[in-house]
Amino acid sequence: MSLRLRSALVVAAAAGLSCAAQADSPAGRWAFKTDTVTENCLLKGEMRIWPEGAEDQFACSFIANQVCDSTPPLDIKVEQSCTATLTGSQLNIESAIVRTVSVSPEDQRPRVDALYAPDHFFVSINEAGDEMTGMFHSVSRAFVRFTRQLDLTS
C-alpha cells in the first residue's frame, strides 16, 4: 500500500470518528427555523452550543430573528443566552434575553422590549447528529428544525 493511500485512509478514518463523536453531542453550530409561530410570523437564526460542566450540560447563544408578514412587516432580532440539558437524544434548551439587537420598524421597539419573551426549544437529535427537530415554545408554540452547520475553521 502506498504512503499516499495509507495517509488518505488514516484521514478518512479520523473524519469518520469525528462524525461519530459529533452525532452523540449537540455541541456545534446550528441553523434553525420554525413553522409559523403566530398567524403570520416565523422564527429563524443560528445557535452555537458548547459543553459546560457535566457531560449532559451545555451552554449556548443565538440571535433569534422573528419575521412577521404583517402591515407593516415586522423584523425583530433578539440576542439570547441559553443552557441546554441532554437526556438521551433529547435536548431541552432554556433561554434568557440578553438584548434587543434591532426592530424594524423602529417605532415598534418599546412594544417589543416590553413583550418579547425568551425562546425555548425541546428537540431530539437524529442518529446521524446533523438535525434536531421538536418544539419551539415561548408565548406561542411551533415545530422547529435545527440543521448542523459545517465548521470550516477546524
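Tutor: A salt bridge here requires a side-chain nitrogen of Lys or Arg within 4 Å of a carboxyl oxygen of Asp or Glu; for charge, Lys and Arg count as positive and Asp and Glu as negative, while His and the chain ends are not counted. A residue is buried under 20% relative accessible area, exposed over 50% and partly exposed in between, with a 1.4 Å probe and protein chains only. The model is predicted, so local features need pLDDT of at least 70 and side-chain atom pairs pLDDT 80 or more, whereas totals for chains, interfaces and linings use all residues. Residues are numbered from 1 along each chain as its sequence is written, and side-chain values use heavy atoms, leaving out hydrogens and water.

By these criteria Asp119 is buried but forms no salt bridge, Arg141 being the nearest side chain of opposite charge at 12 Å. Asp119 sits in the loop that links helix H2 (109–115) to strand S6 (120–125), where helices (H or I, at least four residues) and strands (E, at least two) are DSSP runs numbered from the N terminus. Its side chain does make a polar contact with that of Gln80, at 2.6 Å; such a contact is a pair of N or O atoms within 3.5 Å, and within protein one must be able to donate a hydrogen and the other to accept it, with residues adjacent in sequence counted only if both atoms are side-chain atoms. Beyond four places in sequence, Asp119 touches residues including Leu43, Phe62, Ser95 and His137, contact meaning heavy atoms within 4.5 Å.

The strands form a closed barrel of eight, in the order S1-S2-S3-S4-S5-S6-S7-S8, with antiparallel pairing. Neighbouring strands are turned by 25° against each other on average, direction ignored, the axes being lines fitted to C-alpha atoms. Two strands pair if DSSP finds at least two bridges between them. S4 (residues 74–87) and S5 (residues 90–104) are joined antiparallel by 13 bridges, Val78 having Thr100 as its partner in S5, and in their hairpin, with two residues between the strands, Gly88 adopts a positive phi near 65°. S5 and S6 are antiparallel too, with four bridges; Asn92 is partnered by Phe122, and Ile93 stands opposite Phe121.

Asn65, in strand S3 (residues 57–68), counts as buried because its relative accessibility is 11%. Its side chain reaches the backbone oxygen of Ile76 at 3.1 Å.

Technical notes:
Axes are lines fitted to C-alpha atoms, for helices over the stretch in contact, and angles run from 0 to 180 degrees between N-to-C directions.
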